[in-house]
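This report walks through selected side-chain arrangements, from rings and charges to nonpolar cores and salt bridges. Please keep the sequence and the structure in view while reading.

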Amino acid sequence: MKKEIIVNSSSEETRVAVIENGKLTDLFYERFESEKIIGNIYKGRVKDVLPGISSAFVDIGLDKSGYLYVDDVISDVREKRIEKMIQKGKEVLVQVDKEPINTKGARITMDISLPGRLLVYMPMSDHIGISKNIDNHKERDRLRDIINANKPEQGGFILRTEAEEATEKELKREMRYLVRLWNSIKDRNAKAKTPALVHKDLGMCFQTVRDYFNEEADIMMIDSPKEYRDVIEFVKIISPELLDKVKQHQSKTPIFKAFNIEEEIKKLRSNRVKLPSGGSIIIQEAESLCAIDVNTGKYTGSRQQTQEETITKTNIEAAHEVARQLRLRNIGGIIVIDFIDMRKAKNRQRVLDSLRGSCRGDKAKIKIWPITQLGLIEMTRERKRESLFALLGETCPTCHGLGLVLSKESLFIALKNELINMNVGKHAGRVRVRLAPEVAAYVKERIGRLKHATNCNIDVQAGKDVEWEDYQIIVD
């Protein structure tokens with residue numbers, strides 16, 4: 001598999017694209033006006049403890065208090081009642097687990113974790129875990145033995161997929177680095193005044209190096225000279241064997257344009273995605289629910305294919321594309337996919353297997369339920385930060401997020417009824433109506449109906465400053 005990591009960095013934002021076999025699979029943004037806080041560690045103070053919802057709210061110095069659920073509290077008290085485990089006014093060290101989304105504050109946890117390239121250090125736990133993607137039992141035993149022989153007295157580790165076949169020297173080096181990092185965080189926490197940021201997580205570019213830049217990557221191309229130099233220094237520390245794969249983009253053509261990524265980003269603004277065979281998927285995203293509809297479109301299959309085979313092929317294509325779009329758009333929460341109905345159970349299973357297989361490369365936690373008789377699949381995807389749609393866009397001021405506005409005919413009828421209710425026919429003066437240009441043109445074509453209904457001569461004017469659903473009635 002060919003894997004390319006493309007980094008575009010400017011004074012306003014950093015964008016990172018991951019391309020696998022020529023297809024854009026991941027897209028990350030970091031905007032400096034609204035920096036991400038996930039992974040940051042704060043010294044905070046408990047503001048409220050709410051036993052009714054088994055939660056506490058912690059002031060960590062942000063606009064909204066952090067939300068601490070009972071399962072994320074570290075306490076010597078064994079009783080699982082939050083009012084027994086934590087008290088109002090207590091100082092706590094917490095880490096942001098999920099970004100603030102809309103009206104919700106950040107979700108935080110006292111179970112702090114510090115990720116490296118090979119390991120995740122958990123100073124509050126003694127657990128040793130190994131990625132399920134490392135399935136060789138001998139390798140799992142080897143890694144576990146190395147960690148048990150070298151781990152510090154405090155804390156546990158999770159071995160990431162990247163740790164497979166890592167040497168003892170590499171693992172020991174990263175363990176020492178993560179333990180030193182934790183000790184420095186504890187020192188800053190002891191000196192800081194509450195509330196305070198005591199540790200800032202790596203920026204987007206360095207997170208990508210840590211999580212995506214490995215021996216599978218063919219190249220990491222960066223357009224910013226400063227970012228390039230910084231990444232070189234970072235790679236020297238964590239993966240010196242990959243240094244030759246880090247390159248600086250020096251062409252005059254902007255890097256995202258050179259790799260055709262800008263065109264891909266434009267496509268992400270549409271809720272319709274075309275499939276190779278001619279079908280399509282339609283994505284409708286709400287705050288915590290996303291509905292995806294699969295359509296055959298103009299695809300009718302070949303003469304050798306039955307209708308069932310045609311539908312199954314379209315559904316399998318849709319399953320692959322849905323998995324890609326969820327990653328690209330960073331859609332989280334509950335997702336319902338309406339596949340085209342298939343009669344045979346084995347075909348429904350093929351589609352389900354295709355979706356599960358395509359989701360394996362996604363680093364977000366995903367759970368997929370079996371396909372129903374109606375062709376529906378319900379799934380959940382971990383939401384850690386706002387979706388790409390929410391990041392790049394704002395609610396339309398005209399339709400207010402509905403996705404449609406009143407038709408010209410509806411506006412004509414509303415205008416006519418209001419003029420009748422105003423009894424404009426009895427006014428001696430001139431009556432003017434200002435509308436959005438397209439609506440004004442529509443009303444002018446039907447001015448006879450309007451005059452007849454109101455018994456009045458009406459001057460219809462187009463106003464570029466008038467919004468689609470608005471109109472102004474002026475009686476001189």
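## Charges over rings

In this predicted model, Arg446 lies over the face of Tyr442, at 3.6 Å from the centre of the ring. A further arrangement of this kind involves Lys363, whose charged end sits over the ring of Tyr212, 5.0 Å from the ring centre.

## Aromatic pairs

The structure holds 4 aromatic pairs. One of them is formed by Phe57 and Tyr67, and this pair is tilted, with 5.8 Å from centre to centre and 55° between the planes. The pair links distant parts of the chain, since Phe57 belongs to strand 5 (residues 55-59) and Tyr67 to strand 6 (residues 66-69), 10 residues apart. Phe57 is partly exposed, with a relative accessible area of 26%, and Tyr67 is likewise partly exposed, at 24%.

The rings of Phe206 and Phe234 have their centres 5.2 Å apart and their planes at 80°, and because planes over 60 degrees apart count as edge-to-face, this pair is edge-to-face. Here too the pair links distant parts of the chain, with Phe206 in helix 4 and Phe234 in helix 5, 28 residues apart.

Helix 5 runs over residues 225-238, and its 14 residues should span 20 Å at 1.5 Å a residue, which agrees with the 20 Å between its end C-alpha atoms. Its buried residues are Glu227, Val231, Ile232, Phe234, Val235 and Ile238. An α-helix has 3.6 residues a turn, so residues three or four places apart point the same way.

## Nonpolar cores

The largest nonpolar core has 28 residues, and those with the most contacts inside it are Ile281, Ile292, Ile335, Ile337, Phe339, Leu355 and Met379. Two or more residues of this core come from each of strand 17 (280-285), strand 18 (289-295), helix 8 (307-329), strand 19 (333-338), helix 9 (345-359) and strand 21 (376-381). Helix 8 gives the most to this core, with 7 residues.

Which residues does Leu355 touch, leaving aside its neighbours within four places in sequence? Leu355 is in contact with Ala319, Val322, Ala323, Ile337, Ile368, Ile377 and Met379. A second, separate core of 25 residues includes Tyr121, Ile128, Leu171 and Val198.

## Salt bridges

Side chains of opposite charge can pair when their charged atoms come close. A search of the whole structure finds 28 salt bridges. In one of them, Arg31 pairs with Glu13, the closest N and O atoms being 2.8 Å apart. Arg31 lies in strand 3 (residues 23-31) and Glu13 in strand 2 (residues 13-20), so the pair ties together parts that are 18 residues apart in sequence. Arg31 is partly exposed, with a relative accessible area of 27%, whereas Glu13 counts as buried at 15%. Glu13 and Arg31 are also linked with Arg15 and Glu262 in a network of salt bridges.

Asp201 forms a salt bridge with Arg210, with the closest N and O atoms 3.9 Å apart; Asp201 is buried, with a relative accessible area of 16%, and Arg210 is buried at 8%. In the salt bridge between Asp71 and Lys80, the closest N and O atoms are 3.5 Å apart, and Lys80 is exposed, with a relative accessible area of 55%.

Methods:
Residues numbered from 1 in each chain as written. Predicted model: local features only at pLDDT ≥ 70, side-chain atom pairs only at ≥ 80, totals over all residues. Heavy atoms only, no water. Helix = DSSP H or I, 4+ residues; strand = E, 2+ residues; numbered from the N terminus. Expected span 1.5 Å × (residues − 1). Buried < 20%, exposed > 50% of the residue type's maximum accessible area, 1.4 Å probe, protein only. Phe/Tyr/Trp six-rings, centres within 6.5 Å; stacked < 30°, edge-to-face > 60°. Lys NZ or Arg CZ within 6 Å of the ring centre and 35° of its normal. Core = buried A, V, L, I, M, F, W, Y, C linked by side-chain atoms within 4.5 Å. Contact = heavy atoms within 4.5 Å. Salt bridge = Lys/Arg side-chain N within 4 Å of Asp/Glu carboxyl O.
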